Every structure is written in C-alpha cells, then in structure tokens.
Amino acid sequence: MRAITAPLLDEGEIIDYHTNLTGAKYTLAVPQYVADAGVTNFSDIARHAEKFDYKIYGIEPGNDGNQLIQKMIDTNAFGLGEFELIESSEAGMLAQVKAMTQDDEWLVFLGWAPHPMNTVFDIDYLAGGDDYFGPDYGAATVHTITRVGYAEENPNLGRFFRNLEFTLDMEGMIMKDIAEGMNARPAAEKWLKQNPAILEKWLTGVKTVDGKDALPEVKKQLGI
C-alpha cells in the first residue's frame, strides 16, 4: 500500500499514527515435515526437485507473488529453472496443500501471515528469498493511518488508536472463523472472550461516549 500512502504522507494530508501489527510475512513455505527433512532455505528446493515433482504452487495468475516465482524460474535462480509454477487460486492452492499434507507428500507453495493457513497447517517459511520477497521472510508491518490532526481533535479515539495492536495468531484465528462462515463481529467477539487480557492494553485511558471507563463497560457488553 506504500505507493498509495507515500504521496499523502509527503503532502502532509495523513499521518502514520501507530504500528498495529508486526511480523507479517509473504514468501515460499513448506509443510513442517519437509522443513524437518532439511528444506529450510530457497537454495534447498532444487536439491529435492524430484520429491517436489518440479512444481511450485502459487495462487491466481497475475498475482505479484506468482510473478516473483516465475522470475526465479525464468532466471534459474536457486537452480529452479526446470520447475513449473502451478497457478490456480488461493482456495485452489490451499486445497492442494490440504490434500498433499494428508499423505505427507512434499510441496512448496506461496505462504503468508496473517492467514488461517497458519492455524490449519503446520508449515515453515523458507529463508534465503530476500532478493525476491524482501528481508525477514518478506516482512511487512501494518499501520494505523489518520488524517493530520484527527487524533488531537478526538483525543479519546487517539488514545484508543495508540493502544490498538494485533498479533498474527489473533488475526489468523479470527480469519479462520470467518472463512468457516462466521460473521466478522461474532468472530471478533469470540476471540476477545477467549483472550480478555488484551482489552486492558487496548482500553487504558479510553472512555465511553458518556465518560465512563471503557474497560468495564466493554467487558460487561461481552459478558466477561
């Protein structure tokens, strides 16, 4: 999203108010049993080409991750010149992961977090792809953005925005419930009921619209 936000930040129209998620990643992944067998780096893939059936599984055609994989194949990076990129869709790729991991078959695929795949499958992200996916496993951060002056004009919301942080596991679990048919609000409430301690951080110094401390009011609404 940086291409969208950078001009507005430079022009002083918006402010990067707070980092609300760290540790996001986007790179190639393998099942944990494949990593345990020694495939932990991009450079390990080609050495086991036959076990991978010379295939790397991506998502929909045109996706930026697929393009990076195809570039590695086209330039024979990491010795992947004989591999084939299998394009389908996110759902199609994950169905392939599910089918193959049931029989402990080997595959390498495009993975990312946060995503429910990290709670459904035991997977490991490969190191060594910095030149293609970026450092730290294609690391990314998510930021709370406001227009300039918004938090100062609305100090109660400003405090809340400053407090509000998420985790990969949290988002993965909520996404999983939504993917299985639950609406977003009940999915979020379910997670909060199971993890109420996070509310103390989120609501420190935050008030309700009628001036009460927000923490006990929110707990009351959640029934915790």
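**View 1. K71 sits in helix α4, which spans residues 64-74.** Helices here are DSSP runs of H or I with at least four residues, strands are E runs of at least two, and both are numbered from the N terminus. This is a predicted model, in which local features need pLDDT of at least 70 and side-chain atom pairs count only at pLDDT 80 or more, while totals for chains, interfaces and linings use all residues. Residues are numbered from 1 along each chain as its sequence is written, and side-chain values use heavy atoms, with hydrogens and water left out. With a relative accessible area of 48%, K71 is partly exposed; buried means under 20%, exposed over 50%, and partly exposed in between (1.4 Å probe, protein chains only). For a sense of scale, K71 and T146 are 75 residues apart in sequence, and their C-alpha atoms are 37 Å apart in space.

**View 2. F42 and F78 form a tilted aromatic pair.** The structure holds 10 aromatic pairs. Rings of Phe, Tyr and Trp (its six-membered ring) pair if their centres lie within 6.5 Å; planes under 30 degrees apart count as stacked, over 60 as edge-to-face, and the rest as tilted. F42 belongs to helix α3 (residues 42-45) and F78 to the loop between α4 and β3 (84-86), so the pair ties together parts 36 residues apart in sequence. F42 counts as buried at 0% relative accessibility, whereas F78 is partly exposed at 28%.

**View 3. The rings of F52 and W106 make a tilted pair.** Their centres lie 5.4 Å apart with the planes at 55 degrees. Because F52 is in the loop between α3 and β2 (55-57) and W106 in the loop between α5 (90-101) and β4 (109-113), the pair ties together parts that are 54 residues apart in sequence. Both F52 and W106 are buried.

**View 4. Ring pairs join six residues, Y26, F42, F78, W112, Y132 and F133, into a cluster.**

**View 5. Helix α12 (residues 184-194) has A187, W191 and L192 as its buried residues.** Viewed down the helix axis, these residues fall within an arc of 135 degrees, so they line one face of α12; the arc is taken from the directions from the axis to the C-beta atoms. Their cover includes α11 (168-179), α13 (198-202) and α14 (214-222).

Conventions. Contact means heavy atoms within 4.5 Å.
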